[in-house]
Amino acid sequence: MKRAVVFLLLLPLAACSGNDQPTETPAPATTSSVPPALAAADGRDYGACLDGNCEVLVSDPVDIALTGQGGVDRISVRAVTAEGIEFSTGDGSGSLTPGCVSTLYENGSGSRCSSGEPEKPKPVDGVLAMQVVDVRDGTAVLRLVSGAVGPPPSSLRPPMPVLPTWRP
């Protein structure tokens, strides 16, 4: 039994003897996965949105004035969340996440979502399109796109009611 104990005590010493040079293990290759900082064409200049066309950074609640695009005079961003933004207009409220586009027009609204890189909405007269391009660390890039102020295209207008004809 004494031999077994002596052998076990000498084993760690044997591992250290012989080569006095430390062995170097190569450091693992690291790649930087830090995404670039969010940027928007108009920065935090919310006045650039007055004509319904801008791309701004939003971190805190803010009122964005418009001149009637989509029948809306103001968009209030109430909060920026990890998922997107919460907003309200004079007529209602909602939330918007990256990959989705919310369209606002007189007497209506709509939304569509897609997977992958969202496509920039095209300007349409009478329609205000809102899009969250990206959201990170409590900041969102909000894009607004609109055409001229006025009624929306006929495809977005409510149908005219058909009144029964009166016959005596």
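**Entry 1: strand β8.** I began with strand β8 (residues 127–136), where seven of the 10 residues are buried, so the strand is largely enclosed by the rest of the structure. I noted what the words mean: buried is under 20% relative accessible area, exposed is over 50%, and partly exposed lies in between (1.4 Å probe, protein chains only). Strands are DSSP runs (E, at least two residues), numbered from the N terminus.

**Entry 2: what I am looking at.** I reminded myself that this is a predicted model, in which local features need pLDDT of at least 70 and side-chain atom pairs count only at pLDDT 80 or more, while totals for chains, interfaces and linings use all residues. Residues are numbered from 1 along each chain as its sequence is written, and side-chain values use heavy atoms, with hydrogens and water left out.

**Entry 3: the sheet.** In what order do the strands of the open sheet lie? I read off five strands, β1-β9-β8-β6-β7, with antiparallel pairing. The edge strands are β1 (54–58) and β7 (108–113), and each of them pairs on one side only. On average, neighbouring strands of this sheet are turned by 20 degrees against each other, direction ignored. That angle is taken between axes, lines fitted to C-alpha atoms (for helices over the stretch in contact); angles run from 0 to 180 degrees between N-to-C directions.

**Entry 4: counting bridges.** Two strands pair if DSSP finds at least two bridges between them. I found eight bridges joining β8 to β9, and five joining β6 to β8. β1 and β9 also pair over five bridges, in the antiparallel sense. β8 and β9 form a hairpin with two residues between them, and aspartate 137 in the turn has a positive phi of about 50 degrees.

**Entry 5: valine 141.** Next I picked valine 141, which is found in strand β9 (residues 139–146). Is valine 141 buried or exposed? Valine 141 is buried, because its relative accessible area is 2%. Its bridge partner is aspartate 134. Leaving aside neighbours within four places in sequence, valine 141 has contacts (heavy atoms within 4.5 Å) that include Leu38, Val56 and Val132. Valine 141 and leucine 38 are 103 residues apart in sequence, yet 7.3 Å apart in space, C-alpha to C-alpha.

**Entry 6: the disulfides.** How many disulfides does the structure hold? I found two, using the rule that a pair of cysteine sulfur atoms must lie within 2.5 Å. One joins cysteine 49 to cysteine 54, S to S 1.9 Å. Its S-S torsion is about 90 degrees, so this disulfide is right-handed. Cysteine 49 is buried at 0% relative accessible area, and cysteine 54 is buried at 6%.

Another disulfide joins cysteine 100 to cysteine 113, S to S 1.9 Å. This pair links distant parts of the chain, with cysteine 100 in strand β6 (residues 100–105) and cysteine 113 in strand β7, 13 residues apart. The link is right-handed, with 105 degrees about the S-S bond. Cysteine 100 is buried at 11%, whereas cysteine 113 counts as exposed at 56%.

Methods: Helix = DSSP H or I, 4+ residues; strand = E, 2+ residues; numbered from the N terminus.
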